Amino acid sequence: MKSIATLFFFFIINTVVLQAQTINVNTATQLQQALNSATAGQTIILADGLYSKSGGFIIPANINGTSSNPITLKGNSQAIITSNNLSSGYGLGLRGNTHWILDGFSIYNSAKGIVLDSSHYNTIKNIHVNKIGDEGIHLRSYSSFNSIDNCFIDSTGQVSSGFGEAIYIGSAVSNWSTYSKGNADTCNYNSVTNNSFGDHVASENIDIKEGTKNGRIAYNTFNGTGLNNQNSADSWIDVKGNYYTIECNTGNNSLADGFQTHILIAGWGDYNTFSNNTLTVNSAGHGILITTTSSKGTALNNIICSTNTITGSNNGLTNVTTQNCTSNNCITTPIKQSTIDKASIQLYPNPSTDILQIEIPETYLHTSYRIIDPLGRILASGVLEYTTTLLRTTNFPPGTYLFILNNSKVEAITFLKQ
């Protein structure tokens with residue numbers, strides 16, 4: 001039997017190891033230092049506050065985790081990372097990294113939100129991306145086997161309205177010389193699940209580029225309210241890659257169609273399967289518009305399952321023949337509950353100017369709330385006594401704010417003050 005002294009020794013050793021694996025940061029300098037020196041199995045914890053760096057925060061190449069010991073960068077939505085410039089810099093960039101988990105914090109006021117270059121087997125989850133000059137999350141330069149899960153993305157395309165996609169997979173053929181040495185930018189086997197999109201996404205919620213394949217797009221809630229029709233931004237998803245599974249998503253409001261495919265290069269924009277999607281397009285287009293022929297070639301092998309449903313469309317579900325597919329019913333697959341319950345709590349107008357209207361269901365009556373700025377300061381608080389509450393925001397400085405209910409079901413909801 002081990003002595004008390006021996007057990008105490010092992011307790012001390014284990015405690016020291018555990019502490020070494022957890023890095024707490026609360027300044028921009030500490031954050032970049034932690035990213036530069038991270039090792040497999042470490043967790044970098046962001047304290048609440050604003051992390052601002054010109055050019056954004058970059059994880060150097062070859063700072064990698066492993067499949068059994070990933071590196072985690074974690075914070076809650078009040079930990080806000082920014083380049084503080086809508087025209088320059090990324091909020092966070094990976095440059096040849098594997099097995100990172102980015103979890104829970106916010107990306108704000110940057111030219112691009114999160115960019116992965118030549119990075120694989122990474123997880124982006126529970127992230128709030130808001131007020132971005134161009135794209136929200138971009139996977140490029142061969143980045144494969146990554147997952148984007150349970151994120152909320154809004155207010156993209158704030159500078160370049162024709163380049164404001166929320167999630168962008170791969171690179172356009174015109175950019176292959178820049179990002180993939182002239183070859184197809186094969187960002188393959190990426191998964192996009194359980195995400196939701198705000199009212200101010202200027203371009204597609206998801207743009208899937210030519211040269212990419214074998215991804216999965218599932219259980220997302222699409223929103224076309226902010227589509228501006230610049231650079232053909234008139235659908236929730238534009239699929240130019242091959243062999244994607246697009247299933248169990250819901251969508252509301254679109255300028256033209258819900259989902260589209262296009263042929264930018266011969267042999268691409270084909271072999272994709274659409275099933276069990278619930279599409280409310282509220283437009284004159286189709287639920288799913290398939291490009292079968294173009295000047296670049298033909299694409300005759302996309303599959304539109306009869307399990308898709310459509311409302312609010314003058315042209316019906318699709319322009320091609322549907323098929324009876326053998327596919328799982330979405331109800332049998334567990335759906336992760338988003339931390340942002342937009343279906344039950346509404347803040348508008350967003351962005352606000354003078355008045356913010358807060359609408360809640362009766363289940364949240366008599367719940368206290370707080371409005372917090374990027375530095376964690378409480379600008380307003382109170383108790384919601386009615387299902388509709390008007391809050392004056394005239395004296396709030398322009399910027400992003402968090403609306404927080406003291407209720408475990410809702411973590412935080414972001415809104416902008418102009």
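What follows is a conversation about the structure shown above.

Q: What kind of model is this, and how are the residues numbered?
A: This is a predicted model, in which local features need pLDDT of at least 70 and side-chain atom pairs count only at pLDDT 80 or more, while totals for chains, interfaces and linings use all residues. Residues are numbered from 1 along each chain as its sequence is written, and side-chain values use heavy atoms, with hydrogens and water left out.

Q: How many helices and strands does the chain have?
A: The chain has three helices and 38 strands, where helices (H or I, at least four residues) and strands (E, at least two) are DSSP runs numbered from the N terminus.

Q: And how much of it is buried?
A: Of the 418 residues, 52% count as buried, with buried meaning under 20% relative accessible area, exposed over 50% and partly exposed in between (1.4 Å probe, protein chains only). The chain exposes about 17,500 Å², of which carbon and sulfur atoms supply 52%; these areas come from the Shrake-Rupley method with a 1.4 Å probe, and for residues only the protein chains shown count as cover.

Q: Which strands form the parallel open sheet?
A: Eleven strands form it, in the order S1-S2-S5-S8-S10-S13-S16-S19-S22-S25-S30, and the edge strands are S1 and S30, each of which pairs on one side only. Two strands pair here if DSSP finds at least two bridges between them. As an example, strand S2 (residues 43-46) and strand S5 (residues 71-74) run parallel and are joined by three bridges, with Ile 45 standing opposite Lys 74 in S5.

Q: Where does H2 lie?
A: H2 lies across S1, S2, S5 and strand S8 (100-103), running at about 155° to S1; contact means heavy atoms within 4.5 Å, and axes are lines fitted to C-alpha atoms, for helices over the stretch in contact, with angles running from 0 to 180 degrees between N-to-C directions.

Q: What about Thr 27, where does that lie?
A: Thr 27 lies in the loop between strand S1 (22-25) and helix H2 (28-37), and Thr 27 is partly exposed, with a relative accessible area of 32%. A polar atom of the Thr 27 side chain lies 3.1 Å from the backbone nitrogen of Gln 30.

Q: Switching topic, which strands make up the antiparallel sheet?
A: Four strands form an open sheet with antiparallel pairing, in the order S35-S34-S37-S38. Strand S35 (378-384) and strand S38 (413-417) are the edge strands, each pairing on one side only, and the twist averages 25° from one strand to the next. Strand S34 (residues 367-372) pairs with strand S37 (residues 399-405) over four bridges, and Ile 371 stands opposite Phe 403 in S37.

Q: Which cysteines does the disulfide join?
A: The structure holds one disulfide, a term that covers a pair of cysteine sulfur atoms within 2.5 Å, and it joins Cys 305 to Cys 325 with an S to S distance of 2.0 Å. Cys 305 lies in the loop between strand S30 (303-304) and strand S31 (309-313), and Cys 325 in the loop between S31 and strand S32 (346-348), so the pair ties together parts that are 20 residues apart in sequence.

Q: Why is it called left-handed?
A: The torsion about the S-S bond of Cys 305 and Cys 325 is about -100°, so the disulfide is left-handed.

Q: Are those two cysteines buried or exposed?
A: Cys 305 is buried, with a relative accessible area of 1%, whereas Cys 325 is partly exposed at 28%.

How values were computed
A polar contact is a pair of N or O atoms within 3.5 Å; within protein, one must be able to donate a hydrogen and the other to accept it, and residues adjacent in sequence count only if both atoms are side-chain atoms.
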